[in-house]
Amino acid sequence: MNIPRKNRLLALACAGLMLAAAASPAAAAVATPARKATVTTASDLDRGEIVSAGLLASLSPRQVEEYLGQAKLPVPSQVQGVDLYAVVYRTVGVTGRRTTASGVVALPHDARDGLWTVSYEHGTMATKRYAGSVADGDGRAVPMMFAATGFAAVAPDYLGLGMGPGFHPYMDTATEASASVDLLRAARELAAAKDRTLSGDVLVTGFSQGGQATMALGRELQRDRSLGFRLRGLAPIAGPYDVRGAELPELLAGRLDPHSATFYLAYWTVSMNRLHGFYRTPAQAFRDPAVERLFDGHHDFDEIAAGLPASPRELITPAFWKRLQRPSGPLAKALDLNDTTCSDWRPEAPVRLFAGRGDRDVTILNSRNCLRDLRAGGATASLTDVGDVDHQTSVFRSFPIVLRWFERLR
């Protein structure tokens, strides 16, 4: 395995977004972390109820500026200090069973009443301990960017990452939405305890997997008015909204980067099989059955990189390759259930999609198809092509635009 390939895979395995924030003030200001999450019982369930909340950092405006600069994120013209918390809260799992999840809540120092909330949905992550509640990275830096501008901000780890028990159901839109909604509820409770009030107005953005999660969360907020939140705008970035119609055909045709395509395909196959059961043993899907064990949430970068081949064709069996070309049964169900975040609802809030035409990880065709479906349904939507750039660069080009747009909407 050559070094460039390995480094690329490591970037993919860590939230889809690598930020230069490891040596930041927030990393040095870590307080006692929230206690480990446990599965709850039916009698004590209250979705969004806080199990624990630990202060990760309390940063002055100058420290926030330094942190955001190191993370290569936009620095607002008027920066507020920020308190950053790791929160464990009650939610539901893939079968509706009671469980817990974790995430990050960021609250500004100066703005206190009627705060709009931004939810940031992170990208692909294969290792529990790299989630925002337990490690520095985009799960902390992006909420801090929005909080420094006077928003309350949250970043869910999703199920099974961070301090959440069990496996992460990668690319499962139902639980992306439920875990995100319940963190918004938890943030409302935490804000009240810290003498702040949230207005209930919510803006959502996210990158890669988080682009899909952005649309899933928006759909849930609009469908269930009883949640007490008002969806005000959606800004998904480079999301895989149409795996069956865009991402998978590009992968099978060899038009995506082979290393990232191998990683995504392996992770997606393992995750969706846990939910939908389209193979009985790993050997039916993977040439090396040991690949499945790489995605238990505990393998680190080097182990995942060492365990994957160089291309999708080397990853999966000829029989499974044929199944991917003509999905049916549980495989088709897994695709169809999760490819609807742009097509089965009409957002009442404006949607601004962002993607790069040079992206060979998540093809811009996903965003073009999403835009087509949104407009066909009567939504107010646009797509900003941020240039002939790769997957990682697309998000850094998008964030300044998203931040300005959210400020204008507020």
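Modeller: At the start of helix H8 in this predicted model, a side-chain oxygen of aspartate 257 comes to within 3.0 Å of the backbone nitrogen of histidine 259. The helix itself covers residues 258-276, 19 residues in total. From its first C-alpha to its last it reaches 26 Å, close to the 27 Å expected at 1.5 Å a residue. Of its 19 residues, 15 are buried, so H8 is largely enclosed by the rest of the structure. Glycine 277 follows H8, with a positive phi near 60 degrees.

Helix H13, residues 365-376, can be examined in the same manner. The buried residues of H13 are Asn366, Ser367, Asn369, Cys370, Leu371 and Leu374. These buried residues pack against helices H6 (209-223) and H7 (243-252), and against strands E8 (351-355) and E9 (381-385). Just after H13, glycine 378 has a positive phi of about 95 degrees.

Cysteine 370 also takes part in a disulfide with cysteine 342, with an S to S distance of 2.0 Å. This pair links distant parts of the chain, 28 residues apart: cysteine 342 lies in the loop between helix H12 (329-338) and E8, and cysteine 370 in helix H13. The structure holds one disulfide. Both cysteine 342 and cysteine 370 are buried. The torsion about their S-S bond is about -85 degrees, so the disulfide is left-handed.

How values were computed: Residues numbered from 1 in each chain as written. Predicted model: local features only at pLDDT ≥ 70, side-chain atom pairs only at ≥ 80, totals over all residues. Heavy atoms only, no water. Helix = DSSP H or I, 4+ residues; strand = E, 2+ residues; numbered from the N terminus. Expected span 1.5 Å × (residues − 1). Buried < 20%, exposed > 50% of the residue type's maximum accessible area, 1.4 Å probe, protein only. Polar contact = N/O pair within 3.5 Å; in protein donor to acceptor, adjacent residues only side chain to side chain. Contact = heavy atoms within 4.5 Å. Disulfide = S-S within 2.5 Å.
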